[in-house]
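Hello,

Here is the structure we talked about handing over. Please load it first, then read the notes below.

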Amino acid sequence: MNKANLSVFASGIGSNLLAIHKASMDKSFPGKLQLVICNKICPAFELAKSLNYDTKLISNLDKDKFEEIAHQELIKKKIDLICLAGYMRVLSPKFVFKWKNKILNIHPSILPLFPGLNTHKKILLNGVKIHGSTVHIVNERLDSGKILGQFAFAVKSNDLDFLIYNIKKYENLLYPEVIKKYIWTFLFKEDKFLNYKNIHIDNVVFSY
Ligand code: GRF
């Protein structure tokens with residue numbers, strides 16, 4: 001089976017990286033993780049190395065320099081799709097233009113609500129009763145590209161750690177599914193995958 005070459009950009013814990021890795025172990029997953037890029041030493045970087053991925057640490061550089069090196073690495077590896085997974089730096093419009101429609105991000109809120117940082121704190125501070133995450137295409141404006149998939153659940157406690165734990169748990173289910181669908185529909189142009197999926201797991205609604 002023909003597979004799309006994937007790159008993950010990460011700066012954090014790496015739970016979404018791990019989820020993409022696990023999903024890509026399945027023969028039917030249409031992507032192959034070829035390159036992990038980190039902008040600092042972080043658990044995701046260590047995880048990628050321990051999983052034997054080609055892992056590039058591009059740190060201590062200004063954005064232009066970072067993106068120039070990242071671009072060369074992506075071309076070298078013939079990357080078809082970049083998945084931002086806890087990558088904590090905003091990409092420049094120039095870089096996004098070069099990789100138009102080929103960068104996905106997972107953001108921990110039900111966009112277009114709560115773009116930007118500290119979404120969980122904002123949810124609790126404002127007493128918002130529904131929370132979730134969004135996978136979207138990255139465009140030139142922060143957290144505003146086309147939405148590809150979301151999940152939502154009821155916020156039942158003010159415990160920040162519990163909220164983050166739940167967000168990650170369901171992100172790790174959503175992100176690989178959306179990547180899979182995007183590769184089939186956008187890269188491989190298979191319209192049989194176009195239908196919306198609406199799924200309930202543990203009273204959480206997933207739509208993609
Ligand atoms: C996720 O919650 C994601 O939505 C946000 O950063 C977090 C990354 O988590 N963009 P991890 O590093 O994948 O565990």
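**Salt bridges**

Lys76 and Glu73 form a salt bridge, with their closest N and O atoms 3.5 Å apart. The term means a side-chain nitrogen of Lys or Arg within 4 Å of a carboxyl oxygen of Asp or Glu.

A word on the source. This is a predicted model, in which local features need pLDDT of at least 70 and side-chain atom pairs count only at pLDDT 80 or more, while totals for chains, interfaces and linings use all residues. Residues are numbered from 1 along each chain as its sequence is written, and side-chain values use heavy atoms, with hydrogens and water left out.

Back to the pair. Both Lys76 and Glu73 lie in helix H3 (residues 63-76), three residues apart, about one turn of the helix. Helices are DSSP runs of H or I with at least four residues, strands are runs of E with at least two, and both are numbered from the N terminus. An α-helix has 3.6 residues a turn, so residues three or four places apart point the same way.

How buried or exposed are the two partners? Lys76 is exposed, at 62% relative accessible area. Glu73 is buried, at 12% relative accessibility. The cut-offs: buried is under 20% relative accessible area, exposed is over 50%, and partly exposed is in between (1.4 Å probe, protein chains only).

The count comes to eight salt bridges. Others among them:

- Glu46 and Lys49 meet at 3.7 Å, N to O. They sit three residues apart in helix H2 (residues 43-50), separated by about one helical turn. Glu46 is partly exposed at 39%, and Lys49 is partly exposed at 41%.
- Glu190 and Lys192 meet at 3.9 Å, N to O. Glu190 is partly exposed at 28%. Lys192 is exposed at 60%.
- Asp54, Lys56 and Lys77 are linked in a network of salt bridges.

**Aromatic rings**

A search of the whole structure finds 13 aromatic pairs. Rings of Phe, Tyr and Trp (its six-membered ring) pair if their centres lie within 6.5 Å; planes under 30 degrees apart count as stacked, over 60 as edge-to-face and the rest as tilted.

Take Phe151. Its ring and that of Phe153 have centres 6.1 Å apart and planes at 15 degrees, so this pair is stacked. Phe151 and Phe153 are buried. With Tyr170, the ring of Phe151 makes an edge-to-face pair, because the centres are 5.9 Å apart and the planes are at 65 degrees. That pair links distant parts of the chain: Phe151 is in strand S7 (residues 147-154) and Tyr170 is in helix H6 (residues 160-187), 19 residues apart. Tyr170 is buried too, as is Phe151.

One aromatic cluster is formed by Phe9, Phe66, Tyr87, Phe95 and Trp99. Phe66 also has a charge over its ring: the charged end of Arg89 sits 5.6 Å from the ring centre. Lys189 lies over the face of Phe186, at 4.8 Å from the ring centre. The rule here is NZ of Lys or CZ of Arg within 6 Å of the ring centre and within 35 degrees of the ring normal.

**Helix H1**

Why is helix H1 (residues 15-24) largely enclosed by the rest of the structure? Eight of its 10 residues are buried. They include Leu17, Ala19, Ile20 and His21. The buried residues of H1 pack (heavy atoms within 4.5 Å) against elements including strand S1 (4-10), strand S2 (31-38), H2 and H6.

Best regards
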